[in-house]
Amino acid sequence: MTERDAPRALAHPEREEIRLEGVLHALSDPLRLSIVRELADREVELACSDFVLPVTKSTTTHHFRVLRESGVVRQIYRGTAKMNGLRREDLQSLFPGLLDTLLTAATAEETRLGPQPQARP
């Protein structure tokens with residue numbers, strides 16, 4: 001296998017390294033929260049390109065990196081696509097009920113206030 005053919009790996013925190021403040025920081029951004037809500041709703045891995053986000057590609061990359069480095073999502077390359085999956089089991093094990101509570105609260109807020117416009121870069 002050549003270096004070019006070697007699988008590309010992305011750094012992720014181990015379950016024990018995931019910190020509550022990192023998860024809360026990652027989910028405090030409306031755009032990142034919308035990514036997590038879509039992953040939770042669809043319950044499948046999605047490519048970064050599957051998300052329609054009102055920001056530049058570099059800003060999108062930043063948001064996915066924050067989610068990955070905080071331990072909220074796991075990213076893996078499949079061919080040229082970077083696939084994203086919610087680390088639901090890890091989050092549930094570390095912070096029981098947190099993710100579901102935040103997702104329920106986000107849905108309730110959207111029902112109460114309506115969809116909020118996403119910030120532009």
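Buried means under 20% relative accessible area, exposed means over 50%, and partly exposed is in between (1.4 Å probe, protein chains only). This is a predicted model, where local features need pLDDT of at least 70 and side-chain atom pairs count only at pLDDT 80 or more, while totals for chains, interfaces and linings use all residues. Residues are numbered from 1 along each chain as its sequence is written, and side-chain values use heavy atoms, with hydrogens and water left out.

**View 1. Arginine 37 meets glutamate 110 in a salt bridge.** That term means a side-chain nitrogen of Lys or Arg within 4 Å of a carboxyl oxygen of Asp or Glu. Here the N to O distance is 3.5 Å. Arginine 37 sits in helix H2 (residues 30–42) and glutamate 110 in helix H5 (residues 98–113), so the pair ties together parts 73 residues apart in sequence. Helices are DSSP runs (H or I, at least four residues), numbered from the N terminus. Arginine 37 is buried at 18% relative accessible area, whereas glutamate 110 is partly exposed at 36%.

View 2. Arginine 65 is partly exposed at 35%, and glutamate 69 is partly exposed at 48%.

**View 3. Aspartate 90 and arginine 87 form a salt bridge.** The closest N and O atoms lie 2.9 Å apart. Aspartate 90 is buried at 13% relative accessible area, and arginine 87 is buried at 5%.

How values were computed. Helix = DSSP H or I, 4+ residues; strand = E, 2+ residues; numbered from the N terminus.
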